[in-house]
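My notes follow in the order I took them.

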Amino acid sequence: MTRDPDDERPFGIFGASRYKRAPRVQDAAVLRRDLSYIHTDAIAHSVMMGTGETYIAAFALALGFGDIIAGIVASGPLLAGAILQLVSPYAIRRLGSHRRWVVLNAALQASSFVPLAAAAITGHLAPFGLLAIVTFYWATGMATGPAWNTWVGTLVPRSVRARFFARRSRVGQAALLAALLAGGAILHWSASLGEKRLGFAALFLIAGSARAVSAWLLGHQSEPDPLVQRVTGELDLAPPRSTPGNRRLLAYLLAVQTGVHIAAPFFTPYMLGESALGLSYAGYMTLIAASFVSKIFALPWLGHFAAKYGARRLLRLAGLSVVPLPALWTISSDYTFLLGIQLVSGIAWGAHELATFLLFFDAIRPEERTRLLTWFNLASATAMVAGTAVGGWFLSQAGANMSGYATLFWISAGARAMTLPLLAWMPDVRVDAAPPAMRILAARPAAGSIDRPVLSDREDSVVEGPRVPEEVRAEP
């Protein structure tokens, strides 16, 4: 049986083809398939985060590792993923394809849930083993970011990118929320039966299966022949040229990340730990979902605020708002009060992320954005690990109890307050009301979610993408 040399369907699990690919103008069927798979991949990826990653710190507590290990697991391994991003350009050139690199890492990330599920069933896993597994998870997950951005930008026509990625973001957010609620319900049910660890095993199997589906969807999307030669240069390892605008912005962002992560990784053990609040899994899940939901609903309004008053004013309001958030947790342990804090937290962090992304696009030259995002991810992860190390050391000295946590949260609030003078240096920029499209990187109890911009959805993107076929353009 022979194969049409113009057939663009993938060959093998990594989508490698031995045949000539289709011309740059895609036919309607190929484009519909690619767009459908990109959408469905957002759902699968969000299900993985909502049922797997979000509950890893809680799993560490269930294994009896203690509050400090649970906090370190939440943020420490991020650094490995950020470092692996710098290796991605060499791997992409070696493989000859962005798609193969993305699919390979997605499949490896799916496999990281197998030992987690096994440990949940048997109850046997050393703290170092958990850290190694989570490090592998983050390394393979974050390594896909810049390559996925570049590759997908060649699949989605420029004329529909803004609308397409905005819709994809909403779909991913809805799937993440549903997965969070389902995960909390499963854990609450299993704990009520006295089989807490089996609930975690079920979640990790669901998460691994969802990422495996994601890898399959990625492997069956097309990839134009000129891709590697045309855009791999964007992922050059050389640091981007520095300008006053991006120096000020990045200094502020990294200072905030350090201050935030003195406390943020330890919110989960504070919520679930018996020496602190001791919430149920249902209560824990509700608090996480509250900040996520408020952030989703606030983003359109925040976009209009930025359009009317400027991104700098939005960032100043957000910077002031995030300062007292950890300290508010020490005022009362009343659940309704904590729920209100989480609702405010989601709005504050939504404003912070939107303002910084808008300023990011204004202060950084278009041709340097992908490369700078790669380096920013590394610097950001380093700041997170530094903050986590400070928080973990302090908690080990003060004790993981209500008094120790209260002091830790006030230290974090003080560190955040010290970043406020940097806000006076921020450049201003007027923007459209529509916020940039986001790709969800992680869900966090204290921040709703950690997002990154989809760089290829901007009109000044260097990636041209295919033209929309007449059959698709004519459709409603």
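I started with a cut-off: a residue is buried when its relative accessible area is under 20%. Arg168 has 7% relative accessibility, so I marked it as buried. I kept in mind that this is a predicted model.

**Salt bridges**

I looked up the salt bridges and found four. Asp41 pairs with Arg168, with 3.3 Å between the closest N and O atoms. I placed Asp41 in helix H1 and Arg168 in helix H9, 127 residues apart, so this pair links distant parts of the chain. Asp41 counts as buried at 4% relative accessibility.

Next I took Arg99 and Glu223, whose closest N and O atoms lie 3.9 Å apart. Arg99 sits in helix H5, and Glu223 in the loop between H10 and H11. Arg99 is buried at 1% relative accessibility, and Glu223 is buried at 3%.

I also noted Arg33 with Asp34, joined N to O at 3.2 Å. Both are buried.

**Cores**

Which residues have the most contacts inside the largest nonpolar core? I found Phe59, Phe200 and Trp329, in a core of 90 residues. H14 gives the most to this core, 11 residues. Beyond its sequence neighbours within four places, Phe59 touches residues including Leu116, Leu130 and Phe204. A second, separate core has 21 residues, among them Leu31 and Val160.

**Helix pair**

I then checked H14 against H15. Their axes come within 7 Å and cross at roughly 125 degrees, which makes H14 oblique to H15. Residues meeting there include Leu302 and Phe305 from H14, and Leu314 and Leu317 from H15. I counted seven nonpolar, no polar and one charged residue in this contact.

Methods: Residues are numbered from 1 along each chain as its sequence is written. This is a predicted model: local features need pLDDT of at least 70, side-chain atom pairs count only at pLDDT 80 or more; totals for chains, interfaces and linings use all residues. Side-chain values use heavy atoms; hydrogens and water are left out. Axes are lines fitted to C-alpha atoms, for helices over the stretch in contact, and angles run from 0 to 180 degrees between N-to-C directions. Helices (H or I, at least four residues) and strands (E, at least two) are DSSP runs, numbered from the N terminus. Angles under 35 degrees count as roughly parallel, over 145 as roughly antiparallel, 65 to 115 as roughly perpendicular and the rest as oblique. Contact means heavy atoms within 4.5 Å. Ala, Val, Leu, Ile, Met, Phe, Trp, Tyr, Cys and Pro count as nonpolar, Asp, Glu, Lys and Arg as charged, and the others, Gly among them, as polar. A nonpolar core is a set of buried Ala, Val, Leu, Ile, Met, Phe, Trp, Tyr and Cys residues joined through side-chain atoms within 4.5 Å. Buried means under 20% relative accessible area, exposed over 50%, partly exposed in between (1.4 Å probe, protein chains only). A salt bridge is a side-chain nitrogen of Lys or Arg within 4 Å of a carboxyl oxygen of Asp or Glu.
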